[in-house]
Amino acid sequence: MTSPRVNLLDFDADQMAAYVAGLNEKPFRAKQLMQWIHQRGVSDINDMSDLAKSFRATLLDKAEVLSLPIIKDEHASDGTRKWLLDVGAGNAVESVFIPEDDRGTLCISSQAGCAVNCRFCSTGRQGFSRNLASGEIIGQLWFAEHLLRSDPEAIRRIEKYPTPGWEHTGRVVSNVVMMGMGEPLLNYDNVVSALRLMLDDRAYGLSRRRVTVSTSGVVPMIDRLAQDCPVALAVSLHAPNDALRDQLVPLNQKYPLRELLAACERYLPFAPRDFLTFEYCMLDGVNDSDIQAKELVRLLRNIKCKINLIPFNPFPESGLKRSSDQRIHAFASVLLDAGMVATVRKTRGDDIAAACGQLAGDVVDRTRVRERDVHSAEIEITEVESNEQPIEWLKKLN
Ligand code: SAH
Ligand code: SF4
């Protein structure tokens, strides 16, 4: 019986080196393989022309380069692009590319479904299917980057990116946010392996400030991430006290706010910038009062942070409503008046229903969402640069 092929996308640089050594090949072969796969986007081992023929023959027998099959590829009028990816057993995950004037952000998934089951998140409501392998995580960047390089519109945009070295790499994706489906820190090893590839100069060479892990607050893993791969951290807070957060983010019952915020403070010295981001989903009548804003100020006053207010993206089963623009405005004013840094997340890709927190749990469910609600969904992802003006969004609302 032949053993199954290994997926070369599953290996970070060290793992690739170990694999190549195990085949009795010289270490530089590992570097060549990384470059072929990640820098040039080549998946066919036959095309890796500077590898010795005998080595190629061994690889053809034992290895492959396999990313998740694409079920659907959608383009929004604002340039946002979304891919629905097959993870088997009738399940799917999504990746979203959001082009902006000075960057191209890819939002990727870490799990099919999610076990945390946040009250306001359709991924959570759909339950947990499985962890994605590291190759399935980095594979989302791999195919998006190389697919977009053949898109003339995307190519035009890269000339605007200030990403160092883009002239050499021709890189289209300048930022990655782990804000798709799943809780990245509950799939820790595979996520860290994929993060290492994102940062590795032999692969994608992204700076640590441009790679963001978003977490609902898995305290021990925040500490491990600080040691293993300290990229930018976004913490999904959504409530200013334990009583409410216990209901909205059930993981809070295991890791309450005091422990979570202590972990955040421990992370700060390792963070690529001198602040963390807290995400706060604005839910009408649930967490959006002035009193709650003041409570939030008291909670976060001593942590260097930025609060990112996310207008709730509704989905029918949630029974929740988005806060009005006026309420979001008033909530933010309380934060700003108290000297906090706060921004509101813009919405993008409306016409392809690529909503944050509304990503597909499975193909069947996805179809239902589209039939019901094709025009109401909104999405967004922004990674905030340190020079962003906190009050800019207020002007947009006015
Ligand atoms: N599991 C991680 C990352 C994926 S969710 C986390 O929770 O942080 C990415 C972000 O989308 C989180 O901040 C999450 O709270 C937010 N989100 C989830 N559902 C949403 C919804 N329906 N509307 C707006 N934001 C939502
Ligand atoms: Fe999971 Fe994040 Fe959704 Fe919560 S918000 S259910 S942690 S994906």
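The shell around ligand 2 splits into 4 nonpolar, 4 polar and 1 charged residue; here Ala, Val, Leu, Ile, Met, Phe, Trp, Tyr, Cys and Pro count as nonpolar, Asp, Glu, Lys and Arg as charged, and the others, Gly among them, as polar. Its members are Cys114, Val116, Asn117, Cys118, Cys121, Gly124, Gly182, Glu183 and Ser216, where a residue belongs if one of its heavy atoms lies within 4 Å of the molecule. The model is a predicted one, so to speak of local features takes pLDDT of at least 70, and side-chain atom pairs count only at pLDDT 80 or more, while totals for chains, interfaces and linings use all residues. Residues are numbered from 1 along each chain as its sequence is written, chains are lettered from A and ligands numbered from 1 in the order in which they are written, and side-chain values use heavy atoms, with hydrogens and water left out.

Now for ligand 1. This ligand is surrounded by 21 residues, the closest being Phe120, Ser214, Ser236, His238 and Asn313. By class, that shell has 10 nonpolar, 9 polar and 2 charged residues.

An N or O atom in the side chain of serine 214 sits 2.6 Å from an oxygen atom of the ligand. The backbone takes part too: an N or O atom of phenylalanine 120 is 2.8 Å from a ligand nitrogen, and one of threonine 215 is 3.4 Å from a ligand oxygen. On its own, ligand 1 has 530 Å² of accessible area (Shrake-Rupley method, 1.4 Å probe), and the protein covers 96% of that.

Then there is strand E11 (residues 232–236). All told, 5 of its 5 residues are buried, so the strand is largely enclosed by the rest of the structure; buried means under 20% relative accessible area (1.4 Å probe, protein chains only). Ala232, Ala234 and Ser236 make up one covered side, with Leu233 and Val235 on the other.

E11 also has partners, strands being paired if DSSP finds at least two bridges between them. E10 (residues 211–215) runs parallel to E11 and is joined to it by 4 bridges, with serine 214 partnering alanine 234. Between E10 and E11 the chain passes through helix H9 (residues 219–228), in a right-handed β-α-β crossover, that is, clockwise from the first strand over the helix to the second with the strands pointing away from the viewer. E12 (residues 276–282) is likewise parallel to E11, through 3 bridges, and there valine 235 stands opposite phenylalanine 278.

Definitions and conventions: Buried < 20%, exposed > 50% of the residue type's maximum accessible area, 1.4 Å probe, protein only. Polar contact = N/O pair within 3.5 Å; in protein donor to acceptor, adjacent residues only side chain to side chain.
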